[in-house]
Amino acid sequence: MNRQGRPTGPSVSTGDTAGATWTGNKALALDEKLLFELDGWGRTGVDLPDDGLDADCLGGLNRNKPIGLPGLSEPQAVRHYTRLSRKNYAIDMGLFPLGSCTMKHNPRLNEKIAGLAGFADIHPLQPVSTVQGALEVMEQLAYWLTTLTGMPGVALSPKAGAHGELCGLMVIRAALEARGDARSRVLVPESAHGTNPATAALCGYTVDSIPATPAGRVDVDAMVAKLGPDVAALMLTNPNTCGLFESDIIEIAEKVHAAGAFFYCDGANFNAIVGKVRPGDLGIDAMHINLHKTFSTPHGGGGPGAGPVVFSDALMPFIPPAYVVREGLDLRLVEDVPHAQVGRMTAFHGQMGMFVRALTYMLSHGGDGLRQVAEDAVLNANYIRESLKDVMTPSFDGPCMHEALFDDRFLKDTGVSTLDFAKALIDEGYHPMTMYFPLVVHGAMLVEPTETESKESLDDFIGAMRSLALAAKAGDTERFASAPRFAPVGRLDETRAARTPILTWQEPEPKAAAE
Ligand SMILES: *Cc1c(COP(=O)(O)O)cnc(C)c1O
């Protein structure tokens, strides 16, 4: 047990108790308890008046039992979260190869602009005349998104890619219902991100999956066989989650339209084609764009996302509010459209802070710079693919787009699995790549470096991957079996953690909290 009452040993991943410290800390690697174990019952970070608290706490809600949150002083709270953050990996620490996630650098210029008082300190209920600058940002962002995609309309408010998918399918359903043609089925390729079938199911559609060809693309014949008068939409990702461009996309769009269905594109991978291809020219009717991927706003643990959806002419009449319209020199926000088939997707206007960051990224790159984003992202992924193809097994022949897909054939007979390989990468100081996705190849490892990595950082990463691949082939199972060996927490039994979580915190005796 260490000073903070937690057992050391198993939680110290080297298992090296001979070198254990009294605190449980290892120099700068500090042990940290749960917030609830910090023993702050009855303590507060601020001085509150003694009287009237019980009757009038938490916005007038009367409490009849302790709220169940420990009290902490400000330094305690700051240290707790800072210590936890130091156990974590972050894009500001190093390359984040997570495929299908576009973990690129978030330029500090974005943060500086988003922090300006005219953006950071405004409120959505402020009079419109006082927030004309913010509305101008929304209008400009809409202009860039519609120009880059070649699609006439955009709904800015959805708050993530998955929320954008929901918006897109709701709009498609509204358009179908408006023509008296409610349909029941949505086609989704088997390589799709899990959010696609989930969205279709949430909208009440039956999900019908389309197989992939051996070349990792949608099997067009299989898709055509599944098209019918009950199909509302096809949801396709392009470039797809194998990191490949769907080369039959024009034909796919024509077939889908001929069947009276709409063509939804999952635009999460827009990073690979921005400035090179306009989705509107490919026959797409609706596509969400993850500002937190393509346009560099923070995501993951780092911040909220934003998933605007662009629409074709056919779907324009059904775009949900809120949106900005220009009247002379003034900008106005349309918040409610009477009798709209699709109501608003969010309480206010969307993730304003992300709009500012994304527009900053666009303006600082310009049109030619955004084209270079796509070119460099694709170049970096192919550099990794080519540099590793002699020791790992790329799943498909030929160049990839923005992410390189490997499978586990190179680990055959080594006793090392994709999971072991990913865990050993943690010991090398990297967040693992995406593993076991997409499902169309065995033991997938999907690597997306993004355009913001230098050749030096790619070479370091390639060096780590090569060394692991060679170690696996050389039978150095030591490096994999107990990996991660050097992380703050060793290999977890993930199944047990999910099935029998140990929730150590117990609500304290009311007496203790009332002291
Ligand atoms: C990230 C991603 C999504 C979901 O986006 P969120 O913003 O996480 O909701 C959907 N599809 C693909 C292909 C993605 O990469």
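In which loop is P484 found? In this predicted model, P484 sits in the loop between α13 (478-481) and α14 (494-499). P239 belongs to the loop between β4 (231-237) and α8 (249-258). Most peptide bonds are trans, and most residues other than glycine have a negative phi.

S100 has a phi near 70° and is not a glycine. The residue lies in the loop between α1 (74-86) and α2 (108-114). The relative accessibility of S100 is 7%, so S100 counts as buried. Phi of Y436 is about 60°, again in a residue that is not a glycine. Y436 is part of the loop between β12 and β13 (445-447). Here the relative accessibility is 38%, so Y436 counts as partly exposed.

Another serine lies in a loop. S296 is placed between α9 (291-294) and β7 (309-311). Its relative accessibility is 0%, and S296 therefore counts as buried. Which residues touch S296, leaving aside its neighbours within four places in sequence? The contacts are K104, H105, N106, P107, N110, L291 and Y361.

Helix packing was examined next. Helix α4 (residues 132-149) meets helix α10 (residues 352-388). Their axes come within 9 Å and cross at roughly 45°. The crossing of α4 past α10 is left-handed. On the α4 side, the contact is made by A134, V137, M138, Q140, L141, W144, L145 and L148. On the α10 side, the residues are M352, F355, V356, A358, L359, M362, L363, G366, G367 and L370. The residues of this contact divide into 15 nonpolar, three polar and no charged.

Helix α10 also packs against α12. The axes of α10 and α12 are 10 Å apart, at an angle of about 35°. This crossing is right-handed. From α10, the contact involves N380, Y383, I384, S387 and L388. From α12, it involves K455, L458, D459, F461, I462, M465 and R466. What is the make-up of the contact of α10 with α12? It has seven nonpolar residues, two polar and three charged.

Aromatic rings were then considered. A pair of aromatic rings is described by the distance of the centres and the angle of the planes. How many aromatic pairs does the whole structure hold? The search finds four. In one of these, the ring centres of Y430 and F461 are 5.2 Å apart. Their planes stand at 80°, over the cut-off of 60 degrees, so the pair is edge-to-face. Y430 lies in the loop between α11 (418-427) and β12 (434-435), and F461 lies in helix α12 (residues 455-473). The pair therefore ties together parts that are 31 residues apart in sequence. Are Y430 and F461 buried or exposed? Both Y430 and F461 are buried. F461 also takes part in the contact of α12 with α10. Elsewhere, ring pairs link F410, F421 and F480 into a cluster.

Terms used
Residues are numbered from 1 along each chain as its sequence is written. This is a predicted model: local features need pLDDT of at least 70, side-chain atom pairs count only at pLDDT 80 or more; totals for chains, interfaces and linings use all residues. Side-chain values use heavy atoms; hydrogens and water are left out. Axes are lines fitted to C-alpha atoms, for helices over the stretch in contact, and angles run from 0 to 180 degrees between N-to-C directions. Helices (H or I, at least four residues) and strands (E, at least two) are DSSP runs, numbered from the N terminus. A crossing is left-handed if the near helix is turned anticlockwise from the far one by less than a right angle, and right-handed if clockwise. Contact means heavy atoms within 4.5 Å. Ala, Val, Leu, Ile, Met, Phe, Trp, Tyr, Cys and Pro count as nonpolar, Asp, Glu, Lys and Arg as charged, and the others, Gly among them, as polar. Rings of Phe, Tyr and Trp (its six-membered ring) pair if their centres lie within 6.5 Å; planes under 30 degrees apart count as stacked, over 60 as edge-to-face and the rest as tilted. Buried means under 20% relative accessible area, exposed over 50%, partly exposed in between (1.4 Å probe, protein chains only).
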